[in-house]
Amino acid sequence: MMMMPEFPAAAVDRLVHVADCLALQGWSITESALPAELLGELEHNCRSLWASAALKPAAVGRSGEQLVLPQVRGDHIRWLDDCPPCDATTAYLEAMDRLRETLNRTLFLGLDSFETHYALYPPGAGYQRHVDRFKDNPLRTVSVVLYLNSQWQPGDGGELRLHLPEGCIDVPPRAGTLAVFMSDSLPHEVLQAQRERASLVGWFRRRPDNPLLL
Ligand code: OGA
Ligand code: MN
């Protein structure tokens, strides 16, 4: 018997829509992707970690080198594995797992794990144009960013800029917006934040034995 009682059909449709967009164009943007109460708790977590100096400057890494280069990448992060578990992060991880299953069912990506961290960009910080999969991290397949800025307004900066073949798209980092894109092929950047900008960034990874990797 199918057991999906607590998950409404409309929500399943939205996940399928994300998968369809990913298949057709390599990216998808969804607004109000999670309940406001859950977003509020995740935002509170991220900002409290920042306030208590529990987020650390993120590094950029190529071929074994890990360097903190704030002019390239100015966010401060903490991996979720390294945070005390709570109901909000459990609910977020469950939502990401439903997305992972949907992507596997519709796109046959063989995604088997998820890594994720909180990120906070202080005023002045951004992240220069890059792609998320590089030689050191060949398993990263789908990137997922959930924005946690309930007070975001035009002029606050920190938009996600997607560099598409047909031009750029700027995504405001408003609370509840979920950006999903292919990690190996979509160049993107974070425009300079004018106010503290909070998010959860994650990657679905494929199985190391996936023949599509070879
Ligand atoms: C990243 C990244 C985008 C964003 O952390 O690799 O590109 O909008 N983040 O936070
Ligand atoms: Mn990125």
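Helix axes are lines fitted to C-alpha atoms over the stretch in contact, and angles run from 0 to 180 degrees between N-to-C directions. Helices (H or I, at least four residues) and strands (E, at least two) are DSSP runs, numbered from the N terminus. This is a predicted model, in which local features need pLDDT of at least 70, side-chain atom pairs count only at pLDDT 80 or more, and totals for chains, interfaces and linings use all residues. Residues are numbered from 1 along each chain as its sequence is written, chains are lettered from A and ligands numbered from 1 in the order in which they are written, and side-chain values use heavy atoms, with hydrogens and water left out.

**The helix pair**

Helix α2 (residues 36–51) packs against helix α3 (residues 87–107) at an angle of about 115°, and their axes lie 9 Å apart. On the α2 side, L38, E41, L42 and N45 make contact (heavy atoms within 4.5 Å) with A88, T89, A91 and Y92 of α3. By class, this contact has 5 nonpolar, 2 polar and 1 charged residues, where Ala, Val, Leu, Ile, Met, Phe, Trp, Tyr, Cys and Pro count as nonpolar, Asp, Glu, Lys and Arg as charged, and the others, Gly among them, as polar.

**Strands and sheets**

Two strands pair if DSSP finds at least two bridges between them.

| Strand pair | Bridges |
|---|---|
| β5 (residues 76–79) and β6 | 4 bridges |
| β6 and β13 (residues 197–206) | 10 bridges |
| β9 (residues 160–164) and β12 | 3 bridges |

In β6, H117 is the bridge partner of W79, while L111 has R206 in β13 as its partner.

An open sheet of 4 strands runs in the order β7-β12-β9-β10 with antiparallel pairing. β7 and β10 (167–171) stand at the edges with a single partner strand each, so one side of each has no neighbour in the sheet. The twist averages 15° from one strand to the next. Within this sheet, R161 stands opposite E189 in β12.

**The manganese site**

Which residues hold the protein donors of the manganese ion (ligand 2)? They are H130 (NE2), D132 (OD) and H188 (NE2), lying 2.1 Å from the ion. Donors are N, O and S atoms within 2.8 Å of the metal (3.2 Å for Na, K and Ca); water is not among the atoms, so sites may look incomplete. The spacing along the chain is H-x1-D-x55-H. H130 in strand β7 (residues 127–130) and H188 in strand β12 (residues 188–190) link distant parts of the chain, 58 residues apart. H130 is buried at 12% relative accessible area, and H188 is buried at 4%.

Terms used
Buried < 20%, exposed > 50% of the residue type's maximum accessible area, 1.4 Å probe, protein only.
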